Structures are given as structure tokens and as C-alpha cells.
Amino acid sequence: MSEYDDATRLEPGDDATHRHGTFHEEWMIGNAVNGGLVMTTGLRALGEHLAADPTETTQHVDPVVLSATFMTASQTRPSTLTTEGLRLGRNLATGQLTTHH
């Protein structure tokens, strides 16, 4: 496993909508974790959610577009990523992700 794979690795939570991970100090830029790493970890969580969702019948498991808003700087500590499938259509799936520290 590469350093990048290790940095974005997630463990399953109590249900399909939760994943757990840890942002590490090696990925800090100034006083925050690299935003690209945070977004990539989120995309991984959302992709895993969509792949496991029994209502997702069109196999939209690879997110293509991302819009992110950082309310605060991400810190180096364990995080819970909560995902939600908002609209699962024939040609497009829309999801939402929240990261909690």
C-alpha cells in the first residue's frame, strides 16, 4: 500500500453511511491538513457508499464532479465521514458528504 493509499484509507462505520479515518500530520500545510487530501478521502467515502447502496442500480460509484466548502481547517485527528445518496437516477447519482472531527 502506498503512503497516499494509507492516508486516504477508511474503515467502515456502524452503517453504510459512516466511514472512519485519520488525517496524519505528514499531510499538513501550515495549520491545516491538505485540502486535496481531505476531498480525496471524501470522494473515497462517497464512492464506497454508492457501491454498497442497494438502491443504486446504475453503478454510479466513481464521483466525477466535486464541490467543497471548508467551514474550518481540517486537523490531524480521527474523523468520521458521513455520506448520503441524495438522488440516485438512471444516468446520474448525487451524493453529499460531511466530515466530522
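Trainee: Where does Gly-42 lie, and what makes it buried or exposed?

Mentor: In this predicted model, Gly-42 lies in helix α2. Its relative accessibility is 2%, and buried means under 20%, so Gly-42 counts as buried.

Trainee: Which residues does Gly-42 touch, not counting residues up to four places away in sequence?

Mentor: Gly-42 touches Leu-81 and Leu-97. Contact means heavy atoms within 4.5 Å. As for Met-71, which is 29 residues from Gly-42 along the chain, the two C-alpha atoms are separated by 15 Å.

Trainee: Across which strands does helix α2 lie, and at what angle to β5?

Mentor: Helix α2, residues 35-52, lies across β2, β5 and β6. The helix runs at about 50° to β5.

Trainee: What is the order of the strands in the open sheet, and which of them are edge strands?

Mentor: The open sheet has four strands in the order β1-β2-β5-β6, with antiparallel pairing. The edge strands are β1 and β6 (93-100), as each pairs on one side only.

Trainee: How do you know that β2 and β5 are paired, and what is the sense of the pairing?

Mentor: Two strands pair if there are at least two bridges between them. Five bridges join β2 to β5 (residues 78-88), and the two strands run antiparallel. Within β5, Thr-82 is the bridge partner of His-18, and Thr-80 stands opposite His-20.

Trainee: What makes Thr-8 buried or exposed, and where is it found?

Mentor: Thr-8 is found in the loop between α1 (3-7) and β1 (11-12). Its relative accessibility is 1%; buried means under 20%, so Thr-8 counts as buried.

Trainee: Why is the approach of the side chains of Thr-8 and Arg-44 called a polar contact?

Mentor: The two side chains make this contact at 3.1 Å, and a polar contact requires a pair of N or O atoms within 3.5 Å. Arg-44 is also among the residues that Thr-8 touches beyond four places in sequence, together with Leu-37, Thr-40 and Thr-41.

Trainee: Which residues form the largest nonpolar core?

Mentor: The core has five residues: Ala-7, Phe-23, Val-33, Leu-37 and Val-38. Membership requires buried residues of the listed kinds, joined through side-chain atoms within 4.5 Å. Leaving aside neighbours within four places in sequence, Val-38 is in contact with Phe-23, Val-33, Phe-70 and Ser-74.

Trainee: How do you know whether Ser-74 is buried or exposed, and where is its place?

Mentor: The place of Ser-74 is in the loop between α2 and β5. Its relative accessibility is 7%, and the limit for buried is under 20%, so Ser-74 counts as buried. Not counting residues up to four places away, Ser-74 touches Asn-31, Ala-32, Val-33, Val-38 and His-101.

Trainee: What makes Glu-25 exposed or buried?

Mentor: Its relative accessibility is 62%, and exposed means over 50%, so Glu-25 counts as exposed. Glu-25 lies in the loop between β2 (18-22) and β3 (28-29). Glu-25 and Gln-75 are 50 residues apart in sequence and 8.4 Å apart in space, C-alpha to C-alpha.

Trainee: How many aromatic pairs does the structure hold, and why is the pair of Tyr-4 and Trp-27 called edge-to-face?

Mentor: The structure holds one aromatic pair. The ring centres of Tyr-4 and Trp-27 are 6.3 Å apart, and rings pair if their centres lie within 6.5 Å. The planes are at 65°; edge-to-face means over 60 degrees, so the pair is edge-to-face. The pair links distant parts of the chain, with Tyr-4 in helix α1 and Trp-27 in the loop between β2 and β3, 23 residues apart.

Trainee: Why is Tyr-4 called partly exposed?

Mentor: The relative accessible area of Tyr-4 is 36%. Buried means under 20% and exposed over 50%; the value for Tyr-4 falls in between, so Tyr-4 is partly exposed.

Technical notes: Residues are numbered from 1 along each chain as its sequence is written. This is a predicted model: local features need pLDDT of at least 70, side-chain atom pairs count only at pLDDT 80 or more; totals for chains, interfaces and linings use all residues. Side-chain values use heavy atoms; hydrogens and water are left out. Buried means under 20% relative accessible area, exposed over 50%, partly exposed in between (1.4 Å probe, protein chains only). A polar contact is a pair of N or O atoms within 3.5 Å; within protein, one must be able to donate a hydrogen and the other to accept it, and residues adjacent in sequence count only if both atoms are side-chain atoms. Axes are lines fitted to C-alpha atoms, for helices over the stretch in contact, and angles run from 0 to 180 degrees between N-to-C directions. Rings of Phe, Tyr and Trp (its six-membered ring) pair if their centres lie within 6.5 Å; planes under 30 degrees apart count as stacked, over 60 as edge-to-face and the rest as tilted.
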